[in-house]
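Here is a friendly walk through a two-chain model, with the sequence and structure alongside. Keep the viewer open as you read.

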Amino acid sequence: MSQAEAVRTSTAQAQAVRTPSVLWTFGLLRNEMWTTFRRWRTLALLGVLAAVPILVGIAVKIETGDRSGPGGGGGGAGPAFISQITNNGLFLVFTALAATLPFFLPMAIGVIAGDSIAGEANAGTLRYLLVAPAGRTRLLLTKYATVLAFCLLATLVVAVSALTVGALLFPLGDLTTISGTQISFAEGLGRALLIALAVAASLVGMAALGLFVSTLTSSGIAAMATTVGLLITIQILDQIPQLHAIQPYFFSHYWLSFADLMREPIYWDDLVKNLGLQALYAAVFGSAAWARFTTKDIAS
Amino acid sequence: MSETPATEPEPGQQSAGDGVIVTRALTKRYRGGQLAVDGLDLAVPAGSVFGFLGPNGSGKTTTIRMLMGLIEPTSGSARVLGRPMPRSARAVLPHVGALIEGPALYGFLSGRDNLLRYDAADPTADPRTRRTRVAAALDRVGLAAAAGKKAKAYSLGMKQRLGLAAALLQPRRLLVLDEPTNGLDPQGMREIRSLIRELASDGTTVFLSSHLLDEIEQVCTHAAVMAQGRLITQGPVADLAAGTRGRLVVTTPDPADTARILKEQGAADVVIAEDRVSAEPPQDRDLAEVNAALVTAGVRVRGFGVERASLEDAFVALTGEGFDVAG
């Protein structure tokens, strides 16, 4: 083998070793998911979310056990669908999602999203990730993807917990939609899954808002508190009739539209408005977070 | 790597005379108006162990952060491995291992998982070799036995070692180590110093910031001194210390005779302090001859030697003040 050839071979080897595969870039995402979902804090949040359907299910069971009358009565008060649970355990899924969506779910998202960048900055690990170099855009996308994965997982935890408790405590079977028609249990399950996805999608805007707040500060606690504070403020403002002109732009305004998936036929208007609004929030606050994070001096 | 054709724009492939780190009038003014780094012209030669000295608040860390692309300079430019920073951060930083302002770890992860995470953050790190490289890095800093322990249970010295291990996950061309022996016991300090020498002998350029002058003297070939955001001096350590020459010190029960003979031999600035006589060594005489002259004259000599000028003397001579001045 000539010397030139030897040189070429070793160069080729050097490049083979040095040329990173495009797939390697997802190593950070995999690690981020793994790191987030094995964290005690994340598991505690998911545990709280899983407990909500259990509490609701037991409460309904005790309530109807006392009355022991058919149909139980007492409808109207409490979250949507609650009066139907005794007839069909599947309704516990809808009830639990309706009960957790206004506060528990977004609060959990607020904690995870708010802490995403700010928590790393607070611990000082952000500088080492960036020097690694994670790349600012890549790190931000990784964080957002993980928060979105958490939205989905958190919603599914509520839904699965509710389905399990519902199946254990109450009868299952065909169910009656809001429109009064009957659908089979299998289709009901499909609707439940669809509703879970709609609920998870409802949190996309909130997640982007939390991520943006997280890029503004280097205190994880401050970012979490601000995000959850914004959530509560928006929820309160959404109740004030005088503000009804701007309410359609609140990220939580169409959240309960998922109930429309229980109509026959499905009423899509508000669902589509909700998805559009979430996409808008994701675009606006996602861009803001990107603009902020890619130009920020990392001094912590 | 040396076979890589010159046409390849590889970071680290510099034309002759180019330093591993070169800054031109690098300046950072923080939003409050405070001038942290003021017109810094730094040149770190390839293969050197470069000591970066200065009191707290002199702008060392700000400089390092600019070099690592963490903060944007207000004006001026910085090139690392021949490429502009922070623009080329993604090409340059995989070749740079850094320990900045102490280690930062995920307390809820084990030492090994911390390194796996930092390695995963580097898109040029091969996931197939990740576990072996992490194990090798842990071994290198003496943490193999504590690899499975949660990082929050680590002592400060162990955290420091883990931070160093993170900088050694890949073969690097440049190591930037900010106070690497902080929190280590004397044994740990020795280990880290020998590690630095070992890395330097492999051809890695080491950029070492420290406030411990003797540490810099022990391991560094070159040094730069900063004070209040400005570069006071830089160059080979030998040249810096040469600015203030060493003194000849004789310990003897006959100080008066010693002083007379030293003067005869051409020594200047003779100072007697009890049984210690010190002087500027004569320019043109072998010190062995000076010693022989003392003995021939019947002077009893207990000790004879040259006290080398320390970098601290050089620093004091340069700044006219003590080293531990908070800027």
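A residue counts as buried here if 20 or more other C-beta atoms lie within 10 Å of its own. With that cut-off, strand β10 of chain B can be read on both of its faces: His222(B), Ala224(B) and Met226(B) on one side are buried, and so are Ala223(B), Val225(B) and Ala227(B) on the other. That makes six of the six residues in β10(B), which spans residues 222–227. Please bear in mind throughout that this is a predicted model.

**The two chains at a glance**

In chain A, the order of elements from the N terminus is α-α-α-α-α-α-α-β-β-α-α-α-α.

How confident is the prediction for chain A? Its mean pLDDT is 85, with 88% of residues at 70 or more. Residues 1–16 of chain A have pLDDT below 50, and this stretch makes eight contacts in the model beyond near neighbours in sequence. Residues 68–77 of chain A are also below 50, with six such contacts.

**Around β10 of chain B**

Strand β4(B), residues 49–53, runs parallel to β10(B), and four bridges join the two. Within this pairing, Phe52(B) has Ala224(B) as its bridge partner. Strand β11(B), residues 230–236, runs antiparallel to β10(B) and is joined to it by six bridges. There, Gly235(B) in β11(B) stands opposite Ala223(B).

What lies between β10(B) and β11(B)? The two strands form a hairpin with two residues between them, and Gln228(B) in the turn has a positive phi of about 45 degrees.

**A second hairpin in chain B**

Strand β5(B), residues 75–80, pairs with β1(B), residues 21–29, in the antiparallel sense over five bridges. Val22(B) has its bridge partner in β5(B), namely Arg79(B). Arg79(B) also has a bridge partner in β6(B), Pro84(B). Strand β6(B), residues 83–85, pairs with β5(B) over three bridges, again in the antiparallel sense. Here too there is a hairpin with two residues between the strands, and Leu81(B) in the turn has a positive phi of about 50 degrees.

**One helix, one buried face**

Helix α4 of chain B covers residues 130–140, and its buried residues are Val134(B), Ala137(B) and Leu138(B). Why do these residues line one face of the helix? Viewed down the axis of α4(B), they fall within an arc of 100 degrees, so they sit along one face. What they pack against is α3(B), residues 111–121, and α5(B), residues 156–167. After the helix comes Gly142(B), with a positive phi near 75 degrees.

In soluble globular proteins, nonpolar side chains tend to be buried together. In this model, the largest nonpolar core has 163 residues, and Leu97(A), Ile109(A) and Ala207(A) touch the most other members. Helix α7(A), residues 136–169, contributes the largest share of this core, with 14 residues. Apart from it lies another core, of 11 residues, including Val250(B), Leu262(B), Val277(B) and Val299(B).

Which residues does Ile109(A) touch, leaving aside those up to four places away in sequence? They are Val147(A), Phe150(A), Cys151(A), Leu203(A), Met206(A), Ala207(A) and Gly210(A).

**Where the chains meet**

In the contact between the chains, 28 residues of chain A meet 29 residues of chain B. On the chain A side, α1 (3–18), α2 (27–37) and α6 (125–131) each supply at least two residues. Of the elements on that side, α6(A) gives the most, with six residues. By type, the residues of chain A that touch chain B divide into 16 nonpolar, nine polar and three charged.

Methods. Residues are numbered from 1 along each chain as its sequence is written. Chains are lettered from A and ligands numbered from 1 in the order in which they are written. This is a predicted model: local features need pLDDT of at least 70, side-chain atom pairs count only at pLDDT 80 or more; totals for chains, interfaces and linings use all residues. A nonpolar core is a set of buried Ala, Val, Leu, Ile, Met, Phe, Trp, Tyr and Cys residues joined through C-beta atoms within 7 Å. A residue is buried if 20 or more other C-beta atoms lie within 10 Å of its own, exposed if 12 or fewer, and partly exposed in between; C-beta atoms are placed from the backbone. Two residues are in contact if their C-beta atoms, placed from the backbone, lie within 7 Å. pLDDT is the predictor's confidence in each residue, from 0 to 100. The arc is that of the directions from the helix axis to the C-beta atoms. Ala, Val, Leu, Ile, Met, Phe, Trp, Tyr, Cys and Pro count as nonpolar, Asp, Glu, Lys and Arg as charged, and the others, Gly among them, as polar. Two strands pair if DSSP finds at least two bridges between them.
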